[in-house]
Amino acid sequence: MRKPRILWTDDEIDLLRAHIIFLQEKGYEVETANNGLDAVERVKENFYDIIFLDENMPGMTGLETLTQIKSVSPNVPVIMITKSEEENIMDEAVGSKIADYLIKPVNPKQILLSLKKNIDQKRLVTQQTTSAYQMQFAQIGMRINDRLTYEEWIDIYKKLVYWEIELSSSGDSAMDQILTMQKEDANKAFFRFIKDNYIDWFKQEIGERPLLSPDIFKHKVFPLLDDGKKVFVLVIDNLRFDQWRTINSVFDEYFRTVSEDLYFGILPTATMYARNAMFAGLMPSEIERLYPEFWDDDDNEGHKNKYEEQLLRKQLVRHGRKEKLYFDKVSGIRMDRRITDNLNNILENDLSVMVFNFVDMISHARTEMDMIKELASNEKAYRSLTLSWFNNSSLLELLKGLAENDIRIIVTTDHGAIRVNNAVKVIGDRDTNTNLRYKLGKNLNYKSKQLFEVRDPKQVHLPSRNMSTSYIFAHTTDFLAYPNNFNYYANYYKDTFQHGGISMEEMIIPVVTLAPKG
């Protein structure tokens, strides 16, 4: 194994001989320079894992040396060592992207700790993360086979997402695979939980059952309005909890988290059902009955979500609310010219709602475009692509503007998505819908043990096209394909992100309340 190489630059290098011997005994290879010019020349000629640099040297100062080193080798970590505790020198050093800052006299333990943070951190983090997950692996495995409540399923999912993000950062691919298998086992148990409990939820009060899509405005938004707060509801379509956790770090720069909760999206976990239910405050069958003009039997997502603003206004009226509402939907990437208008509209109204479809567009584009498949080749890359979009989006600019005002922000979604890989045959007539994670129609033919079937849609408050309509829902990583050209579609849709069925990723989704830090 190669020894880590250190360059230590100090005009009094002879006085540091004991420190150098200490590091050599610890397995580090140490080279020295006693002035900035020599240090820069050595960096030009050699590779170093890390550089110790004295700030106060005659001739070229430490800060001047740092600038030249960074121009030659911009990624090498540099630890500045100085006698000075002046704040302006610290600020200048930190602004020059040093890795650490030590005050003389330094002791060997300080130096060793700094090395471990900057050279050995990834290895140590990987070891610690792997060890910690191994300890929890058995606990999680035992729990998922118990008869869990919905609160316990939320806790299990939070733990799995935590370890998924931690392990993906550590780079331990073997443990990644183990976690993937444990998530699939958990989703199988979660599927059984939904089959056993979902229908009963519609006979229960909140607390006995989880918060569902139609509950969001009544229980999360209206109480804030009652407290006299202006509220901005940001609905990011198809945002999973792990994606939220990934972009949350950006929100943390401008907002503090008042509450971070998870709720259950209704079945089907598809935009036209779950999002309409959220805005209407009603289940889909109730929307169809009360507002038939806003419900289209055509199973086309674009058509069925034309009336979200109208459904929300109906919900406000039913609850006797008088707040001024601003509603907007952003389906494309470009929004730059609308930022100022949107900001003003949000600040002028009591309740503002914006729907962003970009994450959903990523998942669909991944199915259809090879380039997006490459960019989002796995779960980690999918999260990274979401973060990249958010960091460079006009939405972030809008949020920065809102951070300077007294407003509450609720970030939520209508459903998540799961990466599918196993095709299941289903036979239906030509009126059967095209979604890969659920089907509705009459005379559906399938292996029922592989699916959750609802023969009476009224039980789960879903519309019926006719007396023979039934719904079926796929679980874990299954997707539904017709026998015609089965192998072609099985291969085409394998390893794509889909929604509409039953999984933790699709159903257990975030609803987060934020307040500006200012």
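A crossing of two helices is called left-handed if the near helix is turned anticlockwise from the far one by less than a right angle, and right-handed if it is turned clockwise. Helices (H or I, at least four residues) and strands (E, at least two) are DSSP runs, numbered from the N terminus. The model is predicted: local features need pLDDT of at least 70, side-chain atom pairs count only at pLDDT 80 or more, and totals for chains, interfaces and linings use all residues. Residues are numbered from 1 along each chain as its sequence is written, and side-chain values use heavy atoms, with hydrogens and water left out.

**Exercise 1. Describe how H10 and H18 pack, including the handedness of their crossing.**

Step 1. Two packed helices are described by the angle between their axes and the distance between the axes. Axes are lines fitted to C-alpha atoms, for helices over the stretch in contact, and angles run from 0 to 180 degrees between N-to-C directions.

Step 2. Helix H10 (residues 241–251) packs against H18 at an angle of about 35 degrees, and their axes are 9 Å apart.

Step 3. The crossing of H10 and H18 is right-handed.

Step 4. Contact means heavy atoms within 4.5 Å. On the H10 side, the residues in contact include Ile247 and Phe251; on the H18 side, they include Leu387 and Phe390.

**Exercise 2. Determine the strand order of the six-stranded open sheet and its edge strands.**

Step 1. Two strands pair if DSSP finds at least two bridges between them.

Step 2. The order is S7-S18-S10-S6-S9-S8, with mixed pairing.

Step 3. Strand S7 (255–264) and strand S8 (325–330) each have a single partner strand, so one side of each lacks a neighbour in the sheet.

Step 4. From one strand to the next, the twist averages 15 degrees.

Step 5. Nine bridges join S7 to strand S18 (residues 508–516) in the antiparallel sense; Leu262 has Pro510 in S18 as its bridge partner.

Step 6. Helix H14 (residues 308–318) lies across S8 and strand S9 (351–356), at about 155 degrees to S8.
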